[in-house]
Amino acid sequence: MKRAGAWLWLAAVALAATWLLMRLSAGISLQSNILALLPPTERDAVAQNIQDRIAATYSRRVVFLVGDYDAGKARGAARQFGEALVHSGFVSAITSMIDRDSARRISAAYYPYRMGLLAPADRDRLLANRGAALVSRAMSILYEPGGLADAKLVAHDPFFLLPAFLLALPLPQSHFAPDNGMLSAREGNETYVLVSADLAGDPYAIGFQTQFGTFVSKTFAALRAHTPGLDVLRTGAVFYAREAADEAMREISVIGVVSLAATLALILLVFHGLRPIVLGFLAIAVGVLCAVVGTVLAFGQIHVVALLFGVSLIGISVDYCLQYFCEYFDPAALDPAARLRRVIPGVALGLATTLIGYCTLLLAPFPGLRQVAVFSLVGLAASFLTVALWYPALDGKQAPRSGSRFVALAAQHWLLWQKPALRLARLAIAAACVAAAFAGLLAFRVDDNVRHLESLSPDLRRQQSEIERLTGTSSDTQFLLVRGKDEQDLLHTEETTLLRLAGLRNRHALGGFTATSQFVPSIVRQIQNRELVRTRLLAPDLAGYLAQIGYRGKIYYPAPRQFLEPDNLPRTGPFSFLSILAVPGGRNPAHIVLLRDVTNPVAVERAVENIGGVRLVSLTDEWSKLFSEYRGYAIGLLAISAALMYPILGWRYGWRGGLRVMAPPLIAVALAPLFAALVGVAFTFFNAMALVLVLSIGVDYSVFCRETYGTRKPVTMLAIVLAASSTILSFGMLAFSRVFAVHAFGMTMLIGIFLAFLFAPLAGDGEDGVRTDVAP
Amino acid sequence: MAFTPFFAPGALLGLALLANSPVVAQPSAAEPLTTGEILRGRFILERHLAGFDKPLRSEGIFSLIPRHGLIWHAQKPFETTTVITTAGISVRANGQETMRLLASRLPGIDHLYEVLEDAVSGNIGALQEDFSVTSSSDAKGWHLVLTPRHPNLPATSQIGHLTITGGRFVEQVDIERTGGDVDDLTFLDQAEQPGPPTADENALLGAWRK
């Protein structure tokens, strides 16, 4: 029967390994977008869709500035780079190319409707009945040297209102001007040429990141060989993502190797033999193999964070092996089957409670955390099955050399909590904990700012802020969402909104805004404008003006039956960004109004709150809000998993006994965040998730302490010491991570696991008479 | 449709030549303005535009303050002041700004001012990047004909060619545009004067300094 189980398990593992090999050869996609850990929680589906679209648009954009002291060289290098980008297939469009025709196409698109198009300042002048100002401007343009105006322009636009409208358009990249077909700007003696593009692939897919990154470095290296002084700045989500993924990979290798090595060294030291290492490694390897297979089966991909935590799984699955191996030191356990029989109740119970902890992670609607949960659930269960089914067959009868020194040492931990003479020490520990908890309470703060989750690389940050400074753009993610019945309704609502925004801009509550209606006034507005031009400019002033300048030709300045509509405009060249502003949707068309340099979001919110269908959306704030919500949610999970564990423990140990087993991990959970606060770690969602693990792992230690008895106590404690050490070695390493979330997680684990271990003997049966002198 | 209502700033390049550079005029006998020297004088501009029954004629005074800007003050037929710097062009009439073209929005304006500066500082090479230059001289003075090298570039697309004549200073600039219109500029009473700029000039330039 047992033998059949072992064979069955072997078949299952072999199947999993084969499947994984096949998948690996097809390529497994590794995800690194930290925001993929977040759930799609926006209650408003349209807004969510828009946010996703905008986030996707932004994340696919890459911007390069190619600079040199020689403008020609800068242009040449930028052109070559742009061509290489196009040929590489990595980008779907180069957005910085100046199509020589685009200016002409744009003016051609506007031209038929020019009578209804007024620059905001010109419209204000006509509204204020100051048409004379427009007349004298037209005259000064005519008399100006330089040649903007000629007879043709006078005939078709006598007061040059269309050029004024075009100049007032809030086109992006305002610091860059077309020069020889490329957008460039001077900074000191250096000329920077802009190359921007939209990526064709997923910037968060690690395969794509790597290929694209290599392509960029190689191409610029080749260009530098030709133009040594070339200065290149770059920004884009893909570079940040690659940097973060590289960092995570570096940490995975360092943390993984160090924790594995330390754990192996520990085992070697205690057991003086290779057998526990080989068997332990087998349990871990089977666990990780099945975890990867389970995760890829369930999600189709693996998130880097899931993998990172998955590697730390080593620290936990080895706990079960340790319980088994420490039975070597109990002379009463004669063969593998006996050893297994002795530890199975504790290990099974520990596994049950740990799995409950991970199951609650599964309840959290975070796609990334669900991956962590599945990874851990499958991995731990597989490790357990390996221990339970294979160890009796693989392990020999003969126990390795005794580790009685270590058993005796471990026994001291029991004594700390049971020896009457050490009462004072216990009181001192309790007092120190209470004092530190109070101090921690004072230092305690929560932090939900999503910005902390992002960039690590100061160099990329520098390049980005340099690009923002040079181009005059900003990476603000605040915008207004405008919804309406139809396109015209939207444009009209926007115009009402922009009037208020203009007032706010004058009061410096925001730096500027970009909206579709600035490029395409509503039909209502166009009718008004035509009327203004007719009654306040043409009727009173046209004849006198033409006489004064001596123009006797015809005037062709018509008001056609049609009006300018958004579809009339080209979506290429400088106008390509217009497509971001419009959100197509059957019954619910929407526009976004991009806001720049918002200094007073409250004023903006208040200004638009009573305009129907308009609301302020700030992506970073929304994400931060989410983190705060889910921090609370994680605390809830903690309570739920504690509540789910209690009936199992109560069933086995009685209701009071169950409480006693729960007490040490609960104390650890309560104290860990306070102690972490003392060392400056703010409480985040990630700390809360770590506490869920502290609870489930801590309950294992308590259960092991409660299950053991009499002479087995020191042996069990040795296993717990080893387990806690290996967990701390793996998760403790995470505390050294430069990734904010991982650091917060690791620090909480480090402190929490230590405390859970420290207090674990309190869960024991309380019987004295611990033997410290276990015979070999 | 060939009609392009975008400002063609390159056409303003002609204006750069108003910089009236003795250097461009006489490359062999360069006599650049030294820093702090201001060139002042009067101008008459006649624009001969097709479809108009008489040339559009304006007169006024100008000041060129090297490294800062050009102030073009028309007095007839009405008062307007145009200030050209690397940051852009601003036009004022009746004490109010009627037009402001930011270099950032209007490609080539900063380039325009650079050309102007290059001319003043004797850097003819920069001009030759954009124009092919043929020069001749006679007893009365010298002539330069500048033809854009790259007629498709927005910066110079509207210029057919420029003819500059002068002696000690530039005296006459004729800008012939591709459409056939001609701007004739005549400079009179020119003199280099030691700085600093007057308070008025400073105030006009100061509007661009931030």
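View 1. Strands here are DSSP E runs of at least two residues, helices are H or I runs of at least four, both numbered from the N terminus; strands pair if DSSP finds at least two bridges between them. The model is predicted: local features need pLDDT of at least 70, side-chain atom pairs need 80 or more, and totals for chains, interfaces and linings use all residues. Residues are numbered from 1 along each chain as its sequence is written, with chains lettered from A and ligands numbered from 1 in written order. In S6(A), Thr191(A) stands opposite Asp68(A). Another 6 bridges link S2(A) to strand S7 (residues 231-236) of chain A, also antiparallel. There, Phe64(A) faces Arg234(A) as its opposite residue. S2(A) spans residues 61-68 and is mostly covered, with 7 of its 8 residues buried (20 or more other C-beta atoms, placed from the backbone, within 10 Å of its own; exposed means 12 or fewer, partly exposed in between).

**View 2. Helix H8 of chain A is mostly covered.** This helix runs over residues 161-168. Of its 8 residues, 6 are buried. They are Leu161(A), Leu162(A), Pro163(A), Ala164(A), Phe165(A) and Leu166(A).

**View 3. Helices H3 and H9 of chain A pack together.** H3(A) covers residues 71-88, and H9(A) covers residues 206-226. Their axes lie 11 Å apart, at an angle of about 145° (lines fitted to C-alpha atoms over the stretch in contact; angles run from 0 to 180 degrees between N-to-C directions). The crossing is right-handed (near helix turned clockwise from the far one by less than a right angle; anticlockwise is left-handed). H3(A) contributes Ala77(A), Gln80(A), Phe81(A), Ala84(A) and Ser88(A) to the contact. H9(A) contributes Phe215(A), Thr219(A) and Leu223(A). Contact means C-beta atoms, placed from the backbone, within 7 Å. By class, the contact has 5 nonpolar, 3 polar and no charged residues (nonpolar: Ala, Val, Leu, Ile, Met, Phe, Trp, Tyr, Cys, Pro; charged: Asp, Glu, Lys, Arg; polar: the others, Gly among them).

**View 4. Helices H18 and H22 of chain A cross.** H18(A) holds residues 487-506, and H22(A) holds residues 601-608. The axes come within 10 Å and cross at roughly 150°. H18(A) is therefore roughly antiparallel to H22(A) (over 145 degrees; under 35 is roughly parallel, 65 to 115 roughly perpendicular, the rest oblique). The crossing is right-handed. Thr497(A), Arg500(A) and Leu504(A) of H18(A) meet Ala603(A), Val604(A), Ala607(A) and Val608(A) of H22(A). This contact has 5 nonpolar, 1 polar and 1 charged residues.

**View 5. His508 of chain A has a positive phi.** The angle is about 65°, although His508(A) is not a glycine. His508(A) sits in the loop between H18 and strand S10 (512-514) of chain A. His508(A) is exposed, with 11 other C-beta atoms within 10 Å.

**View 6. Chain B holds a cis peptide bond.** The bond joins Lys76(B) and Pro77(B), with omega about 0°. Pro77(B) is in the loop between strand S3 (69-76) and strand S4 (80-85) of chain B. Chain B has 5 helices and 11 strands. Of its 210 residues, 42% are buried.

**View 7. Asp189 of chain B has a positive phi.** Asp189(B) is not a glycine, yet its phi is about 50°. Asp189(B) lies in strand S11 (residues 182-194) of chain B. Asp189(B) is exposed, with 9 other C-beta atoms within 10 Å.

Note on methods
Contact = placed C-beta atoms within 7 Å.
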